[in-house]
Amino acid sequence: MLEISGTLMVLGKASIGSGSKISIATNAVLTLGDDFLMTGRSSIICQKAISFGEHCLLSWDILIMDTDFHEILNQEDEIINLPKPIHIGTHVWIGCRTTILKGVDIADNTIIAACSTISCNVSKSNVIYGDNGRILKEGVRWLR
Ligand SMILES: CC(C)(COP(=O)(O)OP(=O)(O)OC[C@H]1O[C@@H](n2cnc3c(N)ncnc32)[C@H](O)[C@@H]1OP(=O)(O)O)[C@@H](O)C(=O)NCCC(=O)NCCS
C-alpha cells in the first residue's frame, strides 16, 4: 500500500514486495538508493525524512518509522519526542521482524540481526548488530 503525500525519490531500481506499506506525510521525503529490495510485508512510515543508500535489503515484517505518532511532554510542557530523520547506509541488510526507530543512523555494509529493535546509532561498518545495537560480530561482509 502506498500513501504518498510527500516526496518519494527512487534513485535507480527498487523492488517492493507484496503486503508492504509505504507512507510518506506531507513535506516528508523518503529516498531509496539504487538496487533497493523490500521483500514483503514490511512498513516504512516517513513523517520527516528516511533515506537508504544503494544495495539495501529489507527482509519481511520490518517496521521503520521516524515518528512516535504521539507526543510526550516534559514538566515544562515541551515535546521531548519530535520526529527525527533516519539514515540507512549503503549495502545494509535488515533481518526479519526488526524495528528501526526515529533518529537512527546505520553505517554502510552492516547487517541487523532478525528481531532487533534499533533506537540508537550503529556507526561501525562491517558489523552484525543485534537488539539495542549490540555488536554480535565484526569484520564481516554479506552478499546479495
Ligand atoms: C544476523 C545473522 C545473519 C547472523 O548469523 P551468524 O553470523 O551465523 O550468527 P551466529 O548464529 O553465529 O550468532 C552470533 C551471535 O549473535 C547472536 N545472535 C544471532 N542472531 C541474533 C538475533 N537475531 N538476535 C540476537 N542475537 C543474535 C547469537 O546468539 C550469537 O551470540 P553469542 O556469540 O553470544 O553466542 C542471523 O543471526 C539472523 O538474524 N538471520 C536472519 C536473517 C534474515 O532475516 N533473513 C531473512 C531473509 S532476507
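Tutor: W142 has a relative accessible area of 6%, so it counts as buried. Bear in mind that this is a predicted model. W142 also belongs to a second, separate core of five residues, which includes I111, A113 and I128 as well. Its ring partner is W93: the two form a tilted pair, 5.6 Å centre to centre with 45° between the planes. That pair ties together distant parts of the chain, since W93 is in strand 12 (residues 93–94) and W142 in the segment after strand 18 (135–138), 49 residues apart. W93 is at 34% relative accessibility, so it counts as partly exposed.

A search of the whole structure turns up two aromatic pairs. The other one is F36 with F52, edge-to-face at 4.9 Å centre to centre and 65° between the planes. Here too distant parts of the chain are linked: F36 sits in strand 6 (residues 36–40) and F52 in strand 8 (residues 49–52), 16 residues apart. F36 is buried because its relative accessibility is 2%, and F52, at 3%, is buried as well.

Now for the largest nonpolar core, which has 27 residues. F52 is among the members that touch the most others, along with L30, L58, I64, I88, I94 and I100. Several strands each supply at least two residues of this core, including strand 6 and strand 8. L58 is worth a click: leaving out residues up to four places away in sequence, L58 touches both F36 and F52, plus L37, M38, T39, I44, I64 and I94.

Technical notes: Residues numbered from 1 in each chain as written. Predicted model: local features only at pLDDT ≥ 70, side-chain atom pairs only at ≥ 80, totals over all residues. Heavy atoms only, no water. Phe/Tyr/Trp six-rings, centres within 6.5 Å; stacked < 30°, edge-to-face > 60°. Helix = DSSP H or I, 4+ residues; strand = E, 2+ residues; numbered from the N terminus. Buried < 20%, exposed > 50% of the residue type's maximum accessible area, 1.4 Å probe, protein only. Core = buried A, V, L, I, M, F, W, Y, C linked by side-chain atoms within 4.5 Å. Contact = heavy atoms within 4.5 Å.
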